[in-house]
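Reader: I'm new to protein structures, so please keep it friendly. Pick one part of the surface, look at it closely, and then walk me through the rest from there.

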Amino acid sequence: MRPVTAALWAAAMLVGFQLSASFTDSIVDRSSQNLSLVPRDLPQTVEFLDISCNHIQQLYHGDFKNTTLLRFLNISWNSLEEIDSETFLDTPLLEDLDLSHNRLKNLSGQRYLFHTENLLALNLSCNKFLTMTLGGEFSSLVKLEKLALGAKNISTGDFKNIAQVKLRTLTLSMEDALVYEAGSLKDVHAQRLQIAFTRNQIIDHDLFADALSLFVEVELMNLTGGYKDLSEQLRERAKIHTSHLDLSNITIDWPDLTHFVNVVLCTSLTSLSASDVALNKLPYIDTNVTKTCKMQSFSARRVVVKSFFFSQEAVYNFFINLPVESFAIFETPMIHMTCPRSQSPILQLDFSFCALSDSIFSRVEAQKTVECETLDNVRKLILVGNNLKSLHMLSERVQHMKSLQHLDLSLNSLVYDGLEECVWPPNITNMILSSNGLTGSVFKCLPIGTETLDLQNNQVSVVPSSILKLENLSSLNLNANRLRDLPVCNGFPVLIELQLKSNSLHAPSVNKLESCPNLKTLDVSYNPFICTCALRSFISLGIKSEKSNGIELLNWPTDYSCSYPEADRNSTLKNIWILEITCNAGLLAAIILCPTVIVITAVVTLCHQLDVLWYISMILQWTRAKRRARMRQVRPEDLVGIEFHAFVSYSQHDADWVHNSLLSNLEGPTGGLRICHHEKNFVPGKTIIENIITCVEKSRRSMFVLSAHFVKSEWCHYELYFASHQHLSRDSDSIVLVLLEPLPLYLIPSKYYQLKSIMGRHTYLEYPQDRAKHRFFWANLRAALQADLPNAPAAELEE
């Protein structure tokens, strides 16, 4: 596929993908398949069809009857000799038709064009046309914008049938031994004329003259010589209608180039550009440059040097001293650019995608770096895609450009360590530093008057609090960096637009926006949001923005989604519902604690009213007593001489309670226990002490009824004394205390320390005043005294 065709096909492919990406059969490529006829199996949905580089000799009516949606058709590089007049009857949408590099013979007989009234681009170059006479069918192409033709003879009147067609571009492909009649292009109305040469052709004098007098833009393609003739013709013309002259895909020697440029500088041409240039015979010394001119801009793209030995400085000096307002060199591997010798009129400099280093514009004299001071008229400097590394050094290189307002340093390898102070010129307002290696320290090396700052695709993880105050900064682009939170605006008080797309923000702190009183637009899309409580305020900001209240959140809500938790991954933030209760610790505590306190209070009150704790205590004591009884292994010899379950000791003042309540609930059928007490079991004639000792020894346990009267009774304390000694030789639970009434320890005299000690070590049963609790009390007391005793002797029982 040839370059022009390939370009058209690429454009068609691009448009096709944009407009019809959902239709898999909209783009069909059948090129280079040895076809002799148009394929019959083309899908009906095809819009872009390439059947170039085949062997098709003729197009017939009906070849495209099933492709009514066809818009782009490439049949170049075939063997076409004839096209039926109704071939394109069924393709009313056809916009781009390439029939170049075929064998068509008569430009006045292309009747098929009557059915292509919607054509925007038609390429008929490189066919077998002898004359350029266009037939009447060309007059129907009222929408045509691009027309490419070629013939051996071009005469006056050949283009009269397109006199009413307003072309954007007319391309003339020069055939060998071209015969051109002066004035032949006067009927053409086009903005741009392209003249494509073949082999080593020299441009026709009359053709170039008509081109300069009839077209605003002229492009000469594939030139390899004849530059001196072009220069002389330009020099001789008093009036030139052309304002833009382009040279593309040319080969030229340095002397011819500099002579041609100097001539153009003296003409009324305003723009000269060159692309894909092969440059030979480069100089060793400087070449003079015309000092004054009307030309406003010069540009060169993809210049390749074919010489090995030459002076780079001489080449750079020629170009940088051109007296133009706009100067650009693109995609050319130059490593340096010198400084103009005198004050330069250049307003705009563009050295995009070259190989420039940090030494740009400077020179070294006596081992000292001398900065450039003759570019002080430059307002716009573009150094995109070079080999620049030090931001601080760049500030020194441009410090004398007092008029500089726009500086683009994107796509370099710039870094700044924050150790040295930067010295930017004072009038820079627009700074583009995208796609470098800059960190947060860059905010200490910025022009103080910056209004628009682009730092996207760098390594900024935080905006430091101690930065230069950019009083005029209204737009800040920090897309594709490493920020983890929103920056504060203390350093940019009038900030209006803030872009933070594609950073590392998990839960932006919305409260930081309070430091940005003038902020109108915020973009935080495509960040890895963690949808937890910390994000609630940001979600509220987005919803508020949706209602056109406050800050406008760009791309909300479609480009804001959760990355965590896993259950919410890829869900938009707008659809995430985070409950207030899960995020407000105070509210959650209140909701949990209030019912808990109420329940506890109710339970405590109920327990107090019903004496639940007392019942629980009684049940526990009863349970422990039963458990001890089951677990204790009592040897038979330990019960020898034991006749009573308990010896009861009490004050005579409590005798009524003992007889009426205690004994009645423990002895007899009710309790089944044998109780020893002094009124029944003391033996007359024995001393009281002897009786006490005998009763204690014959009883399994000693039970003491404690009361205020008990404390005052001397005999009760004797009984307690002997029982405590017996306690040392028996089980630790041989003493049972029954508290008949409350008896605080401080009321017990200090001389009765033994009673205090026993009360401190033993759990006692408290006799309840509430009759409803008596059953539990007696059950616990019986359980505490219960034991399997041998039968008492009959004589003793009778006593």
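Author: Let's start with Tyr284, Ile285, Phe308 and Phe309, which make a nonpolar surface patch of about 620 Å². A patch here is built from residues with over 30% relative accessible area and no salt bridge; nonpolar side chains (Val, Leu, Ile, Met, Phe, Trp, Tyr) are joined within 5 Å, and like charges within 9 Å. Areas come from the Shrake-Rupley method with a 1.4 Å probe, and for residues only the protein chains shown count as cover.

This is a predicted model: local features need pLDDT of at least 70 and side-chain atom pairs count only at pLDDT 80 or more, while totals for chains, interfaces and linings use all residues. Residues are numbered from 1 along each chain as its sequence is written, and side-chain values use heavy atoms, leaving out hydrogens and water.

Tyr284 sits in the loop between β15 (271-280) and β16 (297-305); helices (H or I, at least four residues) and strands (E, at least two) are DSSP runs numbered from the N terminus. With a relative accessible area of 59%, Tyr284 is exposed. For the labels, buried is under 20%, exposed is over 50%, and partly exposed is in between, with a 1.4 Å probe and protein chains only.

Now zoom out. The protein has 19 helices and 35 strands, and 49% of its 799 residues are buried.

What about the inside? The largest nonpolar core has 167 residues, and those with the most contacts inside it are Leu220, Phe351, Trp424, Leu433 and Phe443. Helix α4 (residues 254-265) gives the most to this core, with seven residues. A core is a set of buried Ala, Val, Leu, Ile, Met, Phe, Trp, Tyr and Cys residues joined through side-chain atoms within 4.5 Å. Take Leu433: leaving out residues up to four places away in sequence, its neighbours include Leu391, Leu409, Leu414, Val442 and Asn458. Touching, or contact, means heavy atoms within 4.5 Å. A second, separate core of 22 residues includes Leu662, Ile675, Phe777 and Trp778.

Helix α14 (residues 688-698) has its own buried set: Asn691, Ile692, Cys695 and Val696. Look down the axis of α14 and these buried residues fall within an arc of 130°, so they line one face of the helix. That arc is taken from the directions from the helix axis to the C-beta atoms.

Next come the charges. Side chains of opposite charge can pair when their charged atoms come close. There are 22 salt bridges in the structure, each one a side-chain nitrogen of Lys or Arg within 4 Å of a carboxyl oxygen of Asp or Glu.

Arg192 lies in strand β12 (residues 189-196) and Asp246 in strand β14 (residues 244-253), so the pair ties together parts that are 54 residues apart in sequence. Arg192 is buried at 16%, and Asp246 is buried too, at 12%. These two also belong to a network of salt bridges with Glu217 and Glu219.

Now look at Glu81 and Arg103, another salt bridge, with closest N and O atoms 3.9 Å apart. Glu81 is in the loop between β4 (72-74) and β5 (82-83) and Arg103 in the loop between β6 (96-98) and β7 (121-123), so this pair links parts 22 residues apart in sequence. Both ends are partly exposed: Glu81 at 44% and Arg103 at 39%.

Most residues other than glycine have a negative phi, and most peptide bonds are trans. Yet the bond joining Trp556 and Pro557 is cis, with omega about 0°, and Pro557 is in the loop between β29 (552-553) and β30 (562-564). The bond from Tyr564 to Pro565 is cis as well, with omega near 5°; Pro565 falls in the loop between β30 and α8 (580-583).

As for phi, Cys53 has a positive value near 55°. Cys53 sits in the loop between β2 (48-50) and β3 (58-59) and is partly exposed at 22%. Phe353 also has a positive phi, about 55°, in the loop between β18 (348-350) and β19 (363-365).
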